[in-house]
Amino acid sequence: MNKDEIQKVVHTLPISAGLFCIFVKLNQNIGIKIYPTKYSRDDVYKRQKKAAKLDLGPITYGIVDIEYRGQKAYCYLTEIVETCTPSMYNLLHVKYLREELLDKINFNFLDNHYKNCGIKNEKLICIDFGENDSDYILIDEKFGVYRDMTNEYLEDNIKYV
Ligand SMILES: Nc1ncnc2c1ncn2[C@@H]1O[C@H](COP(=O)(O)OP(=O)(O)OP(=O)(O)O)[C@@H](O)[C@H]1O
Ligand SMILES: [Mg+2]
């Protein structure tokens with residue numbers, strides 16, 4: 001799927017979102033993660049790419065910048081993995097995952113609740129590589145680039161999973 005195809009289809013698909021990122025499933029295997037600023041996208045993407053190489057996160061398929069609902073949006077493509085349910089979530093496994101991420105890629109997976117975890121090859125992995133959403137907002141504000149992309153869609157569009 002190229003940029004124009006993504007651009008065309010992305011508005012029509014259901015989204016799920018946390019506080020900072022909008023996630024859209026483009027097909028069965030690939031999703032796009034949409035961020036309001038380049039800084040936050042680059043930061044999260046870089047970390048997921050490193051983790052993917054160690055089988056600690058979903059595979060990444062590159063970055064793409066699109067226009068999303070009238071605003072420039074900074075995105076990357078990711079493998080879709082099975083998301084965790086509370087019953088799959090095992091605190092001991094999360095502890096191991098957190099230790100491994102810290103040891104190997106120096107990422108402190110503090111926000112490690114079940115919605116930020118997935119299962120791949122029967123193993124718990126991280127799916128949310130954001131370090132601290134409020135830091136991104138502070139940094140973006142400092143550079144005058146922070147725009148609140150997500151709030152206006154909260155009511156109608158966001159499907160909480
Ligand atoms: N690789 C993936 N495979 C399947 N679902 C995903 C993937 N990445 C994200 N999602 C879905 O999209 C949701 C939002 O993504 P993510 O947690 O990265 O966003 P966020 O805004 O940073 O969340 P938070 O509020 O935790 O900071 C996830 O909770 C999950 O349901
Ligand atoms: Mg999240």
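1. Two strands pair if DSSP finds at least two bridges between them. Helices (H or I, at least four residues) and strands (E, at least two) are DSSP runs, numbered from the N terminus. This is a predicted model: local features need pLDDT of at least 70, side-chain atom pairs count only at pLDDT 80 or more, and totals for chains, interfaces and linings use all residues. Residues are numbered from 1 along each chain as its sequence is written, while chains are lettered from A and ligands numbered from 1 in the order in which they are written.

2. Start with the overall layout. The chain holds five helices and eight strands. Read from the N terminus, the order is α-β-β-β-α-β-β-β-α-β-β-α-α.

3. Next, the sheet. β6, β7 and β8 form an open sheet of three strands, in the order β6-β7-β8, with antiparallel pairing. Its edge strands are β6 (82-83) and β8 (123-126), and each pairs on one side only.

4. Now the pairings. Two bridges link β6 to β7 (residues 117-120). Across that pair, threonine 83 faces glycine 118 of β7. Four bridges join β7 to β8. Here glycine 118 has isoleucine 125 of β8 as its bridge partner.

5. The hairpin of β7 and β8 has two residues between the strands. Asparagine 121 takes a positive phi near 50 degrees there.

6. A helix covers part of this sheet. α3 (residues 91-105) lies across β7 and β8. Its angle to β8 is about 50 degrees. Axes are lines fitted to C-alpha atoms, for helices over the stretch in contact, and angles run from 0 to 180 degrees between N-to-C directions.

7. How much of the chain is buried? Buried residues (20 or more other C-beta atoms within 10 Å of their own, with C-beta atoms placed from the backbone) make up 29% of the 161 residues.

8. Of its 28 residues, Ile34, Tyr35, Cys75, Leu101 and Cys126 touch the most other members. At least two residues each come from β2 (22-25), β3 (30-35), α2 (38-53), β5 (71-79), α3 and β8. β5 gives the most, with four residues.

9. Finally, contacts (C-beta atoms, placed from the backbone, within 7 Å). Leaving aside neighbours within four places in sequence, cysteine 75 is in contact with residues including Ile32, Ile34, Tyr35, Arg41 and Ile63. Among contacts between residues at least 6 apart in sequence, 59% join residues at least 24 apart.

Note on methods:
Contact = placed C-beta atoms within 7 Å. Buried ≥ 20, exposed ≤ 12 C-beta atoms within 10 Å, placed from the backbone. Core = buried A, V, L, I, M, F, W, Y, C linked by C-beta atoms within 7 Å.
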